[in-house]
Amino acid sequence: MVADNNASQFRSWINTAQPEDLLTIAPVLFNRIGTLDQRHQDRFIQEVQRDPQTKRMFEQMQSPSR
């Protein structure tokens, strides 16, 4: 399936991307997630909460900066 191939390619790119590239794609990714229907947004949140490292990162983003 094309979507599976695209997702696999995207995962591979993320694993090898330079930090600057990740910082560039982050706003686009979050904007896109924001346009999804509630069901898909809820699934995204569930996936984030399943991964301890990602969950910690999002918690740090939500806490006030020091």
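## Confidence and fold

Within the chain, the mean confidence is lowest in H1, at 83, and highest in H3, at 93. The model is a predicted one, and its chain averages a pLDDT of 88, with 92% of the residues scoring at least 70. In secondary structure the chain comes to four helices and zero strands, which follow one another along the sequence in the pattern α-α-α-α. Taken along the principal axes, the box filled by the C-alpha atoms of the chain is roughly 45 × 30 × 20 Å.

## The largest pocket

The largest pocket has a volume of about 1,400 Å³. Its lining is made up of 27 residues, and the closest to the pocket centre are Phe10, Ile14, Leu29, Ile33 and Phe44. The elements that each give two or more residues to this lining are helix H1 (2-16), helix H2 (19-34), helix H3 (38-50) and helix H4 (52-62). Among these, H1 gives the most, with eight residues. The composition of the lining by class is tabulated here.

| Class of lining residue | Number in the largest pocket |
|---|---|
| Nonpolar | 18 residues |
| Polar | four residues |

## A nonpolar patch on the surface

Which residues form a nonpolar patch on the surface? The patch consists of Phe10, Trp13, Ile14, Leu22 and Leu29, which together have about 370 Å² of accessible area. H1 and H2 are the elements that give two or more residues to the nonpolar patch, and H1 gives the most, with three residues. Ile14, which has its place in helix H1, belongs to this patch and is also listed with the residues closest to the centre of the largest pocket.

## The salt bridge

Side chains of opposite charge can pair when their charged atoms come close. With a cut-off of 4 Å between a side-chain nitrogen of Lys or Arg and a carboxyl oxygen of Asp or Glu, the count comes to one salt bridge. In this salt bridge the side chains of Arg50 and Glu47 meet at 2.5 Å, N to O. Arg50 and Glu47 are separated by about one helical turn, because they are three residues apart in helix H3.

Key. Residues are numbered from 1 along each chain as its sequence is written. This is a predicted model: local features need pLDDT of at least 70, side-chain atom pairs count only at pLDDT 80 or more; totals for chains, interfaces and linings use all residues. Side-chain values use heavy atoms; hydrogens and water are left out. On a 1 Å grid over the protein atoms alone, a cavity is a set of points where a 1.4 Å probe fits but cannot get out, and a pocket is an open set with protein on both sides within 12 Å along at least five of seven lines; lining residues have an atom within 4 Å of a point. Grid points are joined across faces, edges and corners, and a volume is the space filled by probe spheres set on the points. Ala, Val, Leu, Ile, Met, Phe, Trp, Tyr, Cys and Pro count as nonpolar, Asp, Glu, Lys and Arg as charged, and the others, Gly among them, as polar. pLDDT is the predictor's confidence in each residue, from 0 to 100. Patches are made of residues with over 30% relative accessible area and no salt bridge: like charges are joined within 9 Å, nonpolar side chains (Val, Leu, Ile, Met, Phe, Trp, Tyr) within 5 Å. Accessible areas come from the Shrake-Rupley method with a 1.4 Å probe; for residues, only the protein chains shown count as cover.
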